[in-house]
Amino acid sequence: MLSKRIIPCLDVRDGKTTKGIRFKDNRDIGDPVEMARSYYEQGADEIVFYDITASSDRRDIMIDVVRRVAEEIFIPFSVGGGVRTLEDMRTVLLAGAEKVSVNTAAVLNPPIISDGATAFGSQCIVLGMDVKKVKATNAIPSGYEIVIHGGRTFTGIDALAWAQKAQELGAGEICLNSIDADGLQQGYELELTPLISENVTIPVIASGGAGNIDHMYDVLTKGKADAALIASIVHYGTYTIKQIKEDLRARGVKVRLTW
Amino acid sequence: MIAIIDYKAGNLASVARALNHLGFECQITSDANTIKGAERVIFPGVGSAGQSMQDLQKMGLDRAIHDLYESGKPFLGICLGAQIILEESEENQTTCLQLLAGTVKRFSIPLHSGDGSALKVPHMGWNEVALKRIHPVFKGVTPGCEFYFVHSYYPAPTNTDTIIGTTDYGITFTSVLGSRNLIAVQFHPEKSGLPGLTVLKNFCSWDGKDEAFA
């Protein structure tokens with residue numbers, strides 16, 4: 001039986017790992033290559049990198065990080081942030097990433113999903129969705145709206161409709177970020193996550209809000225998530241990945257424990 | 001030298017990086033003579049069966065792969081490379097390389113786990129491989145340990161002697177298969193952490209002999 005995946009997420013700015021709250025107030029917390037290696041050794045199932053470098057002329061730093069990670073880490077890892085074109089995707093994948101995620105670029109230009117899936121295979125293309133809870137309306141029947149530009153711009157697009165459209169276009173997986181929950185460590189969004197996960201056939205990674213193992217247990221069971229993204233609770237040493245997995249296994253969640 | 005067959009299918013560099021990490025030299029190539037001259041060969045692949053078979057034929061590599069199988073040299077198929085060694089695939093209704101008897105099938109939706117919950121396709125993530133018999137390439141791999149999979153189609157060999165390992169995902173499918181000097185894995189050893197690296201390392205020192213086919 002397939003294991004639920006535990007995926008540490010590293011936000012990288014100018015080659016350094018950083019962490020913010022609700023996408024703001026970031027501070028640097030370490031070297032992404034060393035952190036990734038440590039998570040790999042602790043039993044992470046996958047690693048996610050988001051390049052939040054503001055200026056595009058410093059993207060080469062990120063590609064160098066990707067290359068160094070690929071040389072020593074032999075589990076899948078994905079890279080997102082600032083991926084706008086097929087060429088950007090190619091650069092990231094050739095540098096050694098298994099997957100590439102698109103977020104704002106996919107909202108502004110949905111064919112990038114289908115073009116990427118055709119060129120590199122659906123399994124490479126992750127749709128990152130940043131979502132905020134809003135009042136349900138005719139235009140946003142689910143009551144969850146897609147926001148872009150790192151949470152600054154509302155799009156008027158319904159989150160569920162967008163998830164289904166992205167699947168049709170060929171996305172291989174969805175990484176579902178709740179902006180309301182991000183960095184607060186108060187738990188994942190437990191209404192939004194099952195709503196999306198039960199209405200698509202591709203895997204859904206829940207992101208935003210992990211503060212303890214109860215939160216992870218909830219999102220992987222009630223929340224119907226296929227994987228849980230974590231950041232603060234491992235970056236600040238609250239738990240190791242092994243502790244998280246042993247605890248989840250003890251509660252009956254199938255996770256990978258032997259490696 | 002270890003040759004990695006390049007037929008434009010997916011991220012071959014990750015296999016090369018894993019071999020380099022283990023201290024083995026390898027060459028990514030689409031040249032039939034280089035493949036013929038190699039000591040052992042890896043046949044990876046991500047992509048669709050139809051397109052890949054067309055590319056292999058266009059490059060004359062289908063013949064090279066048949067010769068390789070006949071030569072007795074150690075030969076490792078990965079992912080799509082564990083599928084198109086069979087006779088035909090449901091993906092694009094493709095006639096495949098026909099090294100082993102059997103077909104390639106798609107996971108049919110709806111697919112349910114033992115507790116009744118709906119399973120997703122592709123089968124993406126870490127899952128166990130239950131070995132049906134001993135094989136030198138799996139020496140030292142802890143029983144019950146997991147490997148990284150990502151696929152929507154699976155190998156269904158008909159000759160049970162060629163089934164080396166199986167995995168459960170709604171159904172039980174063959175995740176490791178082989179015969180004589182050929183071993184093929186549906187998972188990605190290059191992305192499966194230490195157990196995956198162990199499989200690759202074992203392959204790199206394997207003499208190509210399989211007791212079951214002695």
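Buried area is the accessible area, taken with a 1.4 Å probe, that two parts lose on being put together, summed over both. The model shown in these views is predicted.

**Figure 1. Interface of chain B with chain A.** Between chain B and chain A about 2,600 Å² is buried, and carbon and sulfur atoms give 59% of this area. Of the area that chain B buries against chain A, 28% is supplied by Lys120(B), Met124(B) and Trp126(B), more than by any other three residues. The contact draws 36 residues from chain A and 29 residues from chain B.

**Figure 2. A salt bridge across the interface.** Four salt bridges are found across the interface of chain B and chain A. Lys254(A) forms a salt bridge with Glu128(B), in which the closest N and O atoms are 3.4 Å apart.

**Figure 3. A salt bridge within chain A.** Over all chains, the structure holds 25 salt bridges. Arg5(A) and Glu46(A) form a salt bridge whose closest N and O atoms are 2.9 Å apart. Arg5(A) belongs to strand S1 (residues 5-13) of chain A, while Glu46(A) lies in the loop between helix H1 (32-42) and strand S4 (47-51) of chain A, so the pair ties together parts that are 41 residues apart in sequence.

**Figure 4. Packing of helices H8 and H10 of chain A.** Helix H8 (residues 213-220) of chain A packs with helix H10 (residues 241-250) of chain A at an angle of about 55°, and their axes are 10 Å apart. H8(A) and H10(A) are therefore oblique to each other. The crossing in which H8(A) passes H10(A) is right-handed. H8(A) makes the contact through Ile213(A), Met216(A), Tyr217(A) and Leu220(A), and H10(A) through Gln243(A), Ile244(A), Asp247(A) and Leu248(A). Six of the residues in the contact of H8(A) with H10(A) are nonpolar, one is polar and one is charged.

**Figure 5. Backbone of Lys224 in chain A.** Lys224(A) is not a glycine, yet has a positive phi of about 60°. Lys224(A) is placed in the loop between H8 and strand S12 (227-230) of chain A.

**Figure 6. Packing of helices H3 and H5 of chain A.** Helix H3 (residues 86-94) of chain A and helix H5 (residues 111-120) of chain A have axes 10 Å apart and pack at an angle of about 45°. This angle makes H3(A) oblique to H5(A). H3(A) and H5(A) form a right-handed crossing. From H3(A), Leu86(A), Met89(A), Arg90(A) and Leu93(A) meet Ile112(A), Asp115(A), Gly116(A), Ala119(A) and Phe120(A) of H5(A). The contact of H3(A) with H5(A) comprises six nonpolar residues, one polar and two charged.

**Figure 7. Packing of helices H1 and H6 of chain B.** The angle between helix H1 (residues 12-21) of chain B and helix H6 (residues 193-205) of chain B is about 75°, with their axes 10 Å apart. Ala18(B), Leu19(B) and His21(B) of H1(B) make the contact with Leu197(B), Leu200(B) and Cys204(B) of H6(B). Five residues of the contact of H1(B) with H6(B) are nonpolar and one is polar, with no charged residue.

**Figure 8. Cis peptide bonds in chain B.** The peptide bond from Ile109(B) to Pro110(B) is cis, its omega being near 0°. Pro110(B) lies in the loop between strand S7 (102-106) and strand S8 (111-112) of chain B. The bond from Val121(B) to Pro122(B) is cis, with omega near 10°. Pro122(B) occupies the loop between strand S9 (118-119) and strand S10 (123-128) of chain B.

Methods
Residues are numbered from 1 along each chain as its sequence is written. Chains are lettered from A and ligands numbered from 1 in the order in which they are written. This is a predicted model: local features need pLDDT of at least 70, side-chain atom pairs count only at pLDDT 80 or more; totals for chains, interfaces and linings use all residues. Side-chain values use heavy atoms; hydrogens and water are left out. Axes are lines fitted to C-alpha atoms, for helices over the stretch in contact, and angles run from 0 to 180 degrees between N-to-C directions. Helices (H or I, at least four residues) and strands (E, at least two) are DSSP runs, numbered from the N terminus. Angles under 35 degrees count as roughly parallel, over 145 as roughly antiparallel, 65 to 115 as roughly perpendicular and the rest as oblique. A crossing is left-handed if the near helix is turned anticlockwise from the far one by less than a right angle, and right-handed if clockwise. Contact means heavy atoms within 4.5 Å. Ala, Val, Leu, Ile, Met, Phe, Trp, Tyr, Cys and Pro count as nonpolar, Asp, Glu, Lys and Arg as charged, and the others, Gly among them, as polar. A salt bridge is a side-chain nitrogen of Lys or Arg within 4 Å of a carboxyl oxygen of Asp or Glu.
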